[in-house]
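Please read this briefing alongside the sequence and the model, which are shown just below.

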Amino acid sequence: VRRTRRGLPWVCLALCLGVFALAGLAATGLVIERTARTPLVRVGQQAPGFTLPSTGGGERSLAAERGRPVLLVFVPAMRCATCIAQLRAVQESLPTLRRRGVVVLAVSVDTDAFQRDTVTTLRLDYPLLSEAPTYGQHPASSAYGVYHFDTPNAAPVSTYAVVAIDAAGIVRAVTVRPEGVISSDEIVVAASVA
Amino acid sequence: VKYREPGTLLTLLAPSALLPLGFLAYSHGGSVPHFFLHALMGWNAALIVFLLSTLIGRRPMRWDGLLPIALVVYAQVPDIIYVFGPYHRDWMDVFLFHISLDEVLPLALAVLTPLWLVLFATYAATLRSERHMRR
């Protein structure tokens with residue numbers, strides 16, 4: 001009994017440390033997760049720059065596309081049904097967009113390995129850019145204000161959005177649809193103003 | 001009085017021998033840090049339960065090792081759900097703060113790793129003490 005009692009203060013100390021550390025960590029994450037929202041990008045402003053790993057190999061940056069119109073597509077993830085529908089809608093609009101010389105880049109917070117798998121599975125002909133790992137590093141979606149978009153069932157991912165950027169790097173159209181798919185027709189219309 | 005086999009470090013750790021399977025699944029998806037994040041969270045929560053139960057006089061049992069792995073799987077539920085389609089939502093913080101820990105992953109790993117060592121060492125010491133008392 002004496003042995004146990006001698007160890008009790010250490011057990012109490014470890015318990016307090018554990019409870020406070022876990023509670024502090026969870027609280028920090030909760031506050032950051034729910035307050036780190038950025039304003040949505042506006043039409044007419046300079047498009048925020050970014051450099052992200054691409055499924056096409058290496059990295060893609062917006063600066064490197066200067067001189068050509070760019071269609072930036074944000075999707076929450078790779079596996080959900082509406083995410084797949086969104087990726088396919090972009091694929092459908094691709095021939096029209098390419099004829100017009102529009103560069104298509106899609107961004108999500110998935111890992112690049114997961115994205116490569118998706119490109120193969122869905123036979124996508126445009127690059128997916130990875131913002132994973134997600135810890136506070138969403139250089140594109142945070143800069144464009146689509147990360148953790150304020151909706152009733154909010155998610156720590158990008159919401160469905162299409163941003164058309166002209167050859168001078170100015171935002172020309174912004175379409176955000178938290179509830180689901182932006183159709184290929186809408187994508188083509190959005191890109192036409194770039 | 002029925003004799004019941006007391007819990008030991010071996011019985012505590014044995015069920016977690018299944019964790020490398022989870023590690024392989026996560027590494028296939030390129031998210032190894034996430035595996036450690038939620039595994040450590042589950043294990044730390046279990047160790048807190050064990051230490052708390054030690055304080056109230058409960059003796060370690062041979063099946064105690066199932067709790068850490070159960071809590072690890074519980075913490076990883078949003079990732080298991082994601083494999084089937086639905087992506088992460090804020091409400092999934094009910095799974096041992098899965099979402100909020102993802103958001104502070106580097107800080108979380110830096111806190112959870114030494115915390116696991118401290119809690120595990122403390123609990124290992126209480127197990128040892130328990131065995132000495134039984135002799």
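The notes that follow cover the basis of the model, the contact between the chains, and helix packing in each chain.

This is a predicted model, in which local features need pLDDT of at least 70 and side-chain atom pairs count only at pLDDT 80 or more, whereas totals for chains, interfaces and linings use all residues. Residues are numbered from 1 along each chain as its sequence is written, chains are lettered from A and ligands numbered from 1 in the order in which they are written, and side-chain values use heavy atoms, with hydrogens and water left out.

**Interface of chain A and chain B**

- The contact (heavy atoms within 4.5 Å) draws 45 residues from chain A and 42 residues from chain B.
- Together the two chains bury about 3,400 Å², of which 71% lies on carbon and sulfur atoms; buried area is the accessible area, taken with a 1.4 Å probe, that two parts lose on being put together, summed over both.
- One salt bridge is found across the interface, the rule being a side-chain nitrogen of Lys or Arg within 4 Å of a carboxyl oxygen of Asp or Glu.
- Arg34(A) forms a salt bridge with Asp93(B), and their closest N and O atoms are 3.3 Å apart.

**Chain B overall**

- Chain B has seven helices and zero strands, where helices (H or I, at least four residues) and strands (E, at least two) are DSSP runs numbered from the N terminus.
- The C-alpha atoms of chain B fill a box of roughly 50 × 25 × 25 Å along the principal axes.

**Helix packing in chain B**

- Helix H2 (residues 19–28) of chain B packs against helix H3 (residues 32–55) of chain B at an angle of about 150°, with the axes 8 Å apart; axes are lines fitted to C-alpha atoms, for helices over the stretch in contact, and angles run from 0 to 180 degrees between N-to-C directions.
- The contact joins residues of H2(B), including Phe23(B) and Tyr26(B), to residues of H3(B), among them Phe35(B), Phe36(B) and Trp43(B).
- By class, the contact of H2(B) with H3(B) has seven nonpolar, four polar and no charged residues (Ala, Val, Leu, Ile, Met, Phe, Trp, Tyr, Cys and Pro count as nonpolar, Asp, Glu, Lys and Arg as charged, and the others, Gly among them, as polar).

**Helix packing in chain A**

- Helix H2 (residues 81–99) of chain A and helix H5 (residues 184–192) of chain A pack at an angle of about 50°, their axes being 8 Å apart.
- That angle makes H2(A) oblique to H5(A), because angles under 35 degrees count as roughly parallel, over 145 as roughly antiparallel, 65 to 115 as roughly perpendicular and the rest as oblique.
- Residues of H2(A), including Gln86(A), Val90(A) and Leu97(A), meet Ser184(A), Ile187(A), Val188(A) and Ala191(A) in H5(A).
- The residues of the contact of H2(A) with H5(A) divide into six nonpolar, four polar and one charged.
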